[in-house]
Amino acid sequence: MGAPLYIPIVQHIGFLVSLLTNSLLLYLIKTRSGKLFGRYRVLMICFCVYCLLYAILEMLTSPVVHIHGAGILFYVNSFLKNDLFWGTEMSVAYSACFALCISLLANQFVFRYFAVCRSNKLYYFDGYKLYLWFIPPLTMFSVWATAVQFVYVPNPETRDYFRNMTREVYGEDIDQIAYVGPLYYTWENGKRQFRLPDLLGGLLICIIIGLSFTICIICAYKTYKKLNDLTHQMSNKTRDLNKQLFWTLGLQTLLPCFTQYTPVGLNFTFPLFEIPAGKFANIVGVTPCLYPAMDPLIAILMIARFRNWLFRKDSSSAGGSGARVHAHVVNIHDSN
């Protein structure tokens with residue numbers, strides 16, 4: 001009885017590895033890139049900070065997830081478990097981080113699209129304009145958090161629905177633990193009684209995910225096509241750097257597909273059909289904590305300058321002539 005032991009073990013390991021890998025990537029961005037990436041450095045730094053924030057929220061919630069009939073129970077299993085206010089608020093913030101993640105990735109794809117396909121428009125990212133690009137991700141985060149806050153926080157109906165299951169499976173009193181979770185419908189006199197706010201909340205979440213992924217796919221396709229256009233006037237060094245950053249972004253998008261959005265999407269879908277996933281829904285409590293630990297490794301291993309430093313193959317210094325050549329080539333775009 002109680003939450004499976006492997007959940008907190010994996011979560012703590014993921015947290016420690018996240019601190020290590022993200023700190024290393026921040027160090028490499030600061031010391032090894034110089035002006036190499038232009039304004040793109042800011043986007044990379046912000047994503048590292050996001051991963052660290054996500055890992056901290058993961059530890060503050062230590063989520064346990066269970067699908068029961070037409071509902072999903074997401075309860076806090078950390079030291080905030082019995083703090084009904086802060087535990088619930090941390091759950092809301094943790095959940096909304098899914099929206100922040102995918103929208104920040106979309107931002108990076110948009111930047112790479114402009115850098116490769118619309119370099120004469122890169123002044124959109126100059127100065128304070130760059131920081132305006134963080135308004136859409138923060139808006140997505142706020143919309144998601146608001147939906148969860150007003151629809152999925154504890155209420156008498158969900159408490160009654162999850163009460164017996166929580167006591168029998170996890171040995172917890174639903175009235176004493178912080179949780180969030182939708183309940184799509186209940187059965188009364190043999191008929192489904194749909195809960196419209198919960199369904200609309202789920203639809204809104206799906207729209208946010210779909211919109212962000214659509215932006216990523218469109219920008220990725222156009223960027224890839226342009227990078228492989230032999231008639232495009234781009235030096236070999238610039239083309240190579242842009243390909244490294246493009247494939248880094250591609251893998252950084254695939255990773256959350258397997259560690260976050262597919263598990264989360266299935267968890268939001270299964271209750272609609274009352275698929276009895278039960279404790280198997282805890283994959284959402286395990287795989288997401290691996291994401292902030294693994295994501296920086298993609299950039300470290302895919303970007304040649306970082307990879308060479310890691311394996312001690314970089315013979316030139318960060319401020320050497322090679323860096324100056326790259327900086328000049330890339331900043332041609334930044335200055336347009």
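**Close-up 1. Cys 117 and its closest cysteine sulfur, in Cys 219.** The sulfur of Cys 117 lies 8.5 Å from that of Cys 219, too far for a bond. A disulfide is a pair of cysteine sulfur atoms within 2.5 Å. Cys 117 counts as buried, at 14% relative accessibility (buried is under 20% relative accessible area, exposed over 50%, partly exposed in between; 1.4 Å probe, protein chains only). This is a predicted model: local features need pLDDT of at least 70, side-chain atom pairs count only at pLDDT 80 or more, and totals for chains, interfaces and linings use all residues. Residues are numbered from 1 along each chain as its sequence is written, and side-chain values use heavy atoms, with hydrogens and water left out.

**Close-up 2. Cys 219, in no disulfide.** Its nearest cysteine sulfur belongs to Cys 216, 7.5 Å away. Cys 219 is buried, at 10% relative accessibility. The disulfide count is zero.

**Close-up 3. Helices α3 and α5 cross.** Helix α3 spans residues 86-117 and helix α5 residues 135-152 (helices are DSSP runs of H or I, at least four residues, numbered from the N terminus). Their axes come within 8 Å and cross at roughly 150° (axes are lines fitted to C-alpha atoms over the stretch in contact; angles run from 0 to 180 degrees between N-to-C directions). α3 is therefore roughly antiparallel to α5 (angles over 145 degrees).

**Close-up 4. The contact of α3 with α5.** Contact means heavy atoms within 4.5 Å. Contributors from α3 include Val 92, Phe 98 and Leu 104. Those from α5 include Phe 141, Trp 144 and Val 148. By class, the contact has 15 nonpolar, four polar and one charged residues (Ala, Val, Leu, Ile, Met, Phe, Trp, Tyr, Cys and Pro are nonpolar; Asp, Glu, Lys and Arg charged; the others, Gly among them, polar).

Note on methods: Helix = DSSP H or I, 4+ residues; strand = E, 2+ residues; numbered from the N terminus. Parallel < 35°, antiparallel > 145°, perpendicular 65-115°, else oblique.
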